[in-house]
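Please consult the sequence and the coordinates alongside the text.

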Amino acid sequence: MKIEHEKKLSALQSQEYRGDEEAKLDKTKAAIKRLQSLILVTSQAVSTTSTAIVGLRDSELVPQLVGLCHGLVFSCSV
């Protein structure tokens with residue numbers, strides 16, 4: 001997605017340099033804006049998912065691992 005965005009930016013620069021018609025420039029600009037929105041939404045989704053994973057790790061996995069380690073220590077000392 002990011003590569004496609006970079007390609008569209010490059011295409012826009014080329015179009016502007018060549019002096020292409022305004023309709024073609026507008027179409028490329030609209031495509032760039034759509035990609036920017038998609039990148040932003042995707043980035044936010046990744047951030048939200050990452051935060052949820054960290055929360056689960058801290059609230060559920062760590063206590064289970066601590067309990068497991070305590071169980072192993074107890075069973076080895078008996």
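## Arg57 and Asp58

Arg57 counts as partly exposed at 42% relative accessibility, where partly exposed lies between buried (under 20% relative accessible area) and exposed (over 50%), with a 1.4 Å probe and protein chains only. Its partner in a salt bridge is Asp58, with 2.9 Å between the closest N and O atoms; a salt bridge here is a side-chain nitrogen of Lys or Arg within 4 Å of a carboxyl oxygen of Asp or Glu. Asp58 is likewise partly exposed, with a relative accessible area of 41%.

Asp58 belongs to helix 2, which covers residues 22–77. Between Asp58 and Ala31 there are 41 Å in space, C-alpha to C-alpha, for a separation of 27 residues in sequence.

## Basis of the model

The model is predicted: local features need pLDDT of at least 70 and side-chain atom pairs count only at pLDDT 80 or more, whereas totals for chains, interfaces and linings use all residues. Residues are numbered from 1 along each chain as its sequence is written, and side-chain values use heavy atoms, with hydrogens and water left out.

## Overall form

The protein chain contains two helices and zero strands, both being DSSP runs numbered from the N terminus (helices: H or I, at least four residues; strands: E, at least two). The C-alpha trace spans about 85 × 15 × 10 Å along its principal axes. The radius of gyration is 25 Å, whereas a compact globule of 78 residues would have a value near 12 Å; the radius is taken over C-alpha atoms, and the globule rule is 2.2 Å times the number of residues to the power 0.38.

Of the 78 residues, 12% count as buried. The accessible surface of the chain comes to about 6400 Å², and carbon and sulfur atoms account for 63% of this area. These areas come from the Shrake-Rupley method with a 1.4 Å probe; for residues, only the protein chains shown count as cover.

## Gln15 and its contacts

Gln15 is found in helix 1, residues 2–18. With a relative accessible area of 7%, Gln15 is buried. Leaving aside residues up to four places away in sequence, Gln15 touches Asp20, Lys24, Leu25 and Thr28, contact meaning heavy atoms within 4.5 Å.

## The salt-bridge network

The structure holds three salt bridges. Arg18, Asp20 and Lys24 are linked in a network of such bridges. Within it, the side chain of Asp20 meets that of Arg18 at 2.8 Å, N to O, and that of Lys24 at 3.8 Å, N to O. Side chains of opposite charge can pair when their charged atoms come close.

Asp20 is buried, with a relative accessible area of 18%, while Lys24 is partly exposed at 41%. Both Asp20 and Lys24 also touch Gln15.
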